[in-house]
Amino acid sequence: MLKYICYPKCTTCQKAQKWLDNNGILYEMRDIKMNNPTLSELTQWYKKSALPLKKFFNTSGLLYKSLDLKNKLPGMSEEEMLSLLSTDGMLVKRPIVVGENFVLVGFKEDEWSKKVLK
């Protein structure tokens with residue numbers, strides 16, 4: 001079963017959840033604000049995703065902007081970035097879908113169709 005990590009008030013997350021439901025996909029939902037991803041989980045997801053670590057940051061979020069991460073991230077190590085992400089779920093881009101062989105960050109219907117509907 002897929003893990004679906006989201007922020008229920010986020011309209012993109014709502015759209016992604018509706019897509020999962022409409023396609024009959026079984027998933028375990030997790031509220032990223034109530035149950036923040038751990039450093040261990042983030043490290044595993046990052047490695048499994050093959051995405052640049054910056055893609056895991058919610059760059060449009062208020063916390064990202066207030067911490068001036070646009071300017072700070074380039075000087076940070078992977079370990080520092082992963083540690084920072086694990087401190088607050090609102091820093092993490094969502095939704096995230098974790099499957100057996102893939103991790104998707106953000107909702108792009110074409111990408112999700114290729115991976116989730118296999």
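These entries record what I looked up in the structure, beginning with the nonpolar core and ending with a loop residue.

**Entry 1: the model.** I note at the outset that this is a predicted model.

**Entry 2: the core.** I looked up the largest nonpolar core and found that it holds 39 residues. Within this core, Y4, L20, W112 and V116 touch the most other members. I then listed the elements that each supply at least two residues of the core: the helices are α1 (11–22), α2 (39–49), α5 (78–85) and α6 (109–116), and the strands are β1 (2–6), β3 (96–98) and β4 (103–105).

**Entry 3: L20.** I asked which residues L20 contacts once its neighbours within four places in sequence are left aside. The contacts are L2, Y4, I25, Y27, W112 and V116. Three of these partners, Y4, W112 and V116, are named with L20 as the core members that touch the most others.

**Entry 4: helix α1.** I checked the span of α1, which has twelve residues. From its first C-alpha to its last, the helix reaches 16 Å, close to the 16 Å expected at 1.5 Å a residue. I next asked which residues of α1 are buried. They are C13, A16, W19 and L20. Viewed down the axis of α1, the buried residues fall within an arc of 120°, so they line one face of the helix. After α1 comes G24, for which I noted a positive phi, near 65°.

**Entry 5: strands β1 and β2.** I examined β1 and found it mostly covered, with four of its five residues buried. β1 pairs with β2 in the parallel sense, over five bridges. In this pairing, L2 stands opposite Y27 in β2. Both L2 and Y27 are also among the contacts of L20.

**Entry 6: N58.** I located N58 in the loop between α2 and α3 (62–66). Is N58 buried or exposed? Its relative accessibility is 11%, and because the limit for buried is under 20%, N58 counts as buried. Leaving aside neighbours within four places in sequence, I listed the contacts of N58 as Y64, M90, L91, V92, K93 and R94.

Definitions and conventions
Residues numbered from 1 in each chain as written. Predicted model: local features only at pLDDT ≥ 70, side-chain atom pairs only at ≥ 80, totals over all residues. Heavy atoms only, no water. Core = buried A, V, L, I, M, F, W, Y, C linked by side-chain atoms within 4.5 Å. Buried < 20%, exposed > 50% of the residue type's maximum accessible area, 1.4 Å probe, protein only. Contact = heavy atoms within 4.5 Å. Expected span 1.5 Å × (residues − 1). Arc of directions from axis to C-beta. Pairing = 2+ DSSP bridges.
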